[in-house]
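Look at the sequence and the structure below, then read on.

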Amino acid sequence: PASLSRDLTRLARRKGKSAVAVLQDLVEEDRQRRLGQEFRDIQGYWSKKARAKGVLTTRDLKRYLAKP
């Protein structure tokens with residue numbers, strides 16, 4: 001849309017970059033945000049699994065992993 005194009009052009013001028021460079025930055029920022037969220041989701045999943053098994057500390061983890 002024309003309004004989006006105008007916003008992009010203004011943002012590019014303000015940042016002293018080309019419109020393509022601004023779009024690349026925005027895509028990379030979104031990618032980093034998504035990866036960060038994916039990491040937090042995975043971390044949360046495994047944290048829940050660990051708590052369910054009573055693994056709360058590094059010592060607990062070492063003990064759990066040492067079990068035959």
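## The loop residue Leu56

Leu56 sits in the loop between helix 2 and helix 3. Helices here are DSSP runs (H or I, at least four residues), while strands (E) need at least two, and both are numbered from the N terminus. With a relative accessible area of 63%, Leu56 is exposed. Buried means under 20% relative accessible area, exposed means over 50%, and partly exposed is in between, using a 1.4 Å probe and protein chains only.

Leu56 and Lys15 are 41 residues apart in sequence, and their C-alpha atoms are 46 Å apart in space.

## The model and its confidence

This is a predicted model, in which local features need pLDDT of at least 70 and side-chain atom pairs count only at pLDDT 80 or more, while totals for chains, interfaces and linings use all residues. Residues are numbered from 1 along each chain as its sequence is written, and side-chain values use heavy atoms, with hydrogens and water left out.

The pLDDT (the predictor's confidence in each residue, from 0 to 100) averages 96 over the protein chain, and 100% of the residues score at least 70.

## Helix 1 and helix 2

Helix 1 has 14 residues and spans 20 Å from its first C-alpha to its last, close to the 20 Å expected at 1.5 Å a residue. The expected span is 1.5 Å times one less than the number of residues in the helix. Helix 2 has 34 residues and reaches 50 Å between its first and last C-alpha, close to the expected 50 Å.

After helix 1 comes Gly16, with phi near 70°; just after helix 2, Gly54 has a phi of about 80°.

## How the two helices pack

At what angle do helix 1 and helix 2 pack? Helix 1 (residues 2–15) and helix 2 (residues 19–52) pack at about 95°, with their axes 9 Å apart. Axes are lines fitted to C-alpha atoms, for helices over the stretch in contact, and angles run from 0 to 180 degrees between N-to-C directions. The two helices are therefore roughly perpendicular to each other. Angles of 65 to 115 degrees count as roughly perpendicular, under 35 as roughly parallel, over 145 as roughly antiparallel, and the rest as oblique.

Helix 1 contributes Leu8, Leu11, Ala12 and Lys15 to the contact, and helix 2 contributes Ala19, Val22 and Leu23. Contact means heavy atoms within 4.5 Å. The residues of this contact divide into six nonpolar, no polar and one charged. Ala, Val, Leu, Ile, Met, Phe, Trp, Tyr, Cys and Pro count as nonpolar, Asp, Glu, Lys and Arg as charged, and the others, Gly among them, as polar.

Asp60 lies in helix 3. Is Asp60 buried or exposed? Its relative accessibility is 17%, so Asp60 counts as buried. Apart from its neighbours within four places in sequence, Asp60 is in contact with Gly54 and Val55.

Asp7 belongs to helix 1. At 44% relative accessibility, Asp7 counts as partly exposed.
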